[in-house]
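Look at the sequence and the structure before reading on.

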Amino acid sequence: MPDSAPDLSPAAVTLRGRRPRDLPILTRWLTDPDAEWRAWDAPYLPAWDTTVNLQRYAESLPGRPPSPHERVIDVGGVVAGMVNRAEEDPAGGGWWDLGILIYDPAHWGRGLGSRALALWVQATLDETDAHVLTFSTWGGNDRMIRAARHLGFREAGRVREARLIRGQRFDAVRLDLLRRDWTDLDRRT
Ligand SMILES: CC(C)(COP(=O)(O)OP(=O)(O)OC[C@H]1O[C@@H](n2cnc3c(N)ncnc32)[C@H](O)[C@@H]1OP(=O)(O)O)[C@@H](O)C(=O)NCCC(=O)NCCS
């Protein structure tokens, strides 16, 4: 009997800690300098630095226990991407910045990111004392901005034309969500 195809619907999205067997696929996506996600996730950073930093990060993974501030996005058993978070200084101030990356463009625009973000917001509110959450992106990343807005994030600020990307200027954009704005995970996605 052939294996059945994985369920790649938003309902099949879970966030989980990294496992050793995830490393080959994580390394492959993170270290490919031509991967399409690189054109969307902080494309204003110098490409060479990003390549070197991601290579170092991927090499460090086997020797590091999974961080509580990173999760693998698992869709029906497929490693589809990752989420992370970092506390803005000072520690204990209650401001956490969130990040998300779905590697394969074939998985974009199908509701997976919105569902993963909703789960990550819920997990962060459950696991930290966050008072406010943010996403930091750029004006051309409509999928990111719309996914965050869909969850109830509001635009907190725009620095006009601050990001130079492939010769064109875009706004730097930050979106925020207060803990009290978040009502119920399942009403959000
Ligand atoms: C950003 C990202 C996480 C969004 O996840 P996704 O699964 O692609 O997005 P969803 O399918 O959940 O859709 C999110 C919103 O984008 C809209 N959208 C989908 N495809 C779109 C497209 N091609 N252009 C514009 N908007 C689009 C959806 O309609 C939805 O908006 P709505 O809720 O108002 O209807 C994902 O695309 C990704 O990882 N991209 C590459 C890396 C990246 O940009 N990371 C973020 C760095 S800040």
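## Strands E3 and E4

Strand E4 (residues 95-102) pairs with E3 in the antiparallel sense over 7 bridges. Two strands count as paired if DSSP finds at least two bridges between them. Strands (E, at least two residues) and helices (H or I, at least four) are DSSP runs, numbered from the N terminus. Within this pairing, Glu87 stands opposite Trp96 in E4.

This is a predicted model, in which local features need pLDDT of at least 70, side-chain atom pairs count only at pLDDT 80 or more, and totals for chains, interfaces and linings use all residues. Residues are numbered from 1 along each chain as its sequence is written.

## The hairpin of E2 and E3

Strand E3 (residues 78-87) also runs antiparallel to strand E2 (residues 70-75), and 6 bridges join them. Asp74 has Val79 in E3 as its bridge partner. The hairpin has 2 residues between the strands, and Gly76 takes a positive phi near 55°.

The open sheet has 7 strands in the order E1-E2-E3-E4-E5-E7-E6, with mixed pairing. Strands E1 (13-16) and E6 (154-165) each have a single partner strand, so one side of each is left without a neighbour in the sheet. From one strand to the next, the twist averages 25°. Angles run from 0 to 180 degrees between N-to-C directions, and axes are lines fitted to C-alpha atoms, for helices over the stretch in contact.

E6 is joined by 8 bridges to strand E7 (residues 168-178), and the two run antiparallel. Here Leu164 has Arg169 in E7 as its bridge partner.

## A helix across the sheet

Helix H3 (residues 112-127) lies across E1, E2, E3, E4, strand E5 (132-138) and E7. H3 runs at about 150° to E4. Two residues are in contact if their C-beta atoms, placed from the backbone, lie within 7 Å.
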